[in-house]
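This report goes from one residue to the whole protein. Please look over the sequence and the structure before reading on.

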Amino acid sequence: MKLITTTDELAAFCKPLADTEFVAVDTEFMRERTYWPKLCLAQVAGPDDAAAIDTLAEGIDLAPLDELMLNPKVLKVFHAARQDLEIFYLRLQKVPGPLFDTQVAAMVCGHGEAASYESLATRLAKAKIDKSSRFTDWSRRPLSERQITYALSDVTHLRVVYEKLKKQLDKTGRFSWIAEEMAVLNDPATYRADPEQAWRRLKPRGASPRVMAILKEVAAWRERTAQRIDIPRQRLLRDEQLLEISAHAPKSIEELAATRGLGRGFAEGWQGRELMEAIERARALPESELPVRDRAPEQIRAPGAIVDLLRTLLRLKAEQAGVAGRLVASADELDRLAAGKRDIAALKGWRQDVFGGDAVDLIEGRLALALAGDQPKLIRLPSES
């Protein structure tokens, strides 16, 4: 068990890792009471060594860790990497790279739709992980021996999981499949919270352009304010309160205070004043600058029988290929296929080879599904001359 609490220890630990092929990485963080995730512990394992880094230790400088995360020669291995990468992106304003996500790799290698780290550690590393420390308060000090042991297990077994998955990918030649799936994780936009776009996630029904303008302003105010004072956005103002304020567009502090659950103290304080200023900005916008409602999603009329056949085909082909069906085609893509649409990812690249080509043949009558006992099988139909 190794816990690093000083800059010198961290530098000594990270220096040899700069020459390794890969490091396994995980983090423990808190964000229940903050807007921004608070990094409490970082775990790193190279091929031969592992350590938990106390990021809250007094006087510690995390520069050696940051340098390792940005080293382009060292592969960074995560499991379900998005939240961990968000923490490093916010620190560095860059996405660590190159990256390997074992959850994505596990789907490509046929280990299920969204394999958990525990299941992969059990199956591939023959390890049993004690999860009793998973939801402890990682910001409290001192950390217990059980906490540190648990935290290190999240990277020591990850090394083995990575090596086993890498062998499977080498054998099947599917590394390119992972590269395609990693595009979102490598995109800095994945980790940016744009206050000006915050209103879109609320999806107001039947709102007029003016109401949408007010919603846009007050949602942006909430996002910027929550970021500035570092509290969860819902603790500052709940979604339903934003929608109510936008719909009623209060013209005074008294009207604002009437919002359900808001209270006079909030309305009469600095928050209420800034919120009223946001409402007034939206009210003053000329008609030409009001938000335009997003186009309604295209109505897909997919014959149910064809969709059912495509689902069966997808399950069969995914099982044959040893890949998670969800990674090959989504339910929406099956609907679009059944409705005659062809502008979908399932008809491109490796997905076309695994499923898309046969899916089109099935729809267009060149392929049939039959039962062999209780299992479906494919029958190629003779072409019409």
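## Leucine 369

Strand β7, covering residues 367-372, contains leucine 369; strands are DSSP runs of E with at least two residues, helices are runs of H or I with at least four, and both are numbered from the N terminus. Leucine 369 counts as partly exposed because its relative accessibility is 24%. Buried means under 20% relative accessible area, exposed over 50%, and partly exposed in between (1.4 Å probe, protein chains only).

Leaving out residues up to four places away in sequence, leucine 369 touches Leu309, Thr312, Leu313, Leu316, Leu362, Pro376, Lys377 and Leu378, where contact means heavy atoms within 4.5 Å. Isoleucine 379 is 10 residues from leucine 369 along the chain, and their C-alpha atoms are separated by 6.2 Å.

## Basis of the model

The model is predicted: local features need pLDDT of at least 70, side-chain atom pairs count only at pLDDT 80 or more, and totals for chains, interfaces and linings use all residues. Residues are numbered from 1 along each chain as its sequence is written, and side-chain values use heavy atoms, with hydrogens and water left out.

## The whole protein

The protein has 18 helices and eight strands. Its C-alpha trace spans about 75 × 60 × 35 Å along the principal axes. Of its 385 residues, 46% count as buried. Among contacts between residues at least 6 apart in sequence, 63% join residues at least 24 apart.
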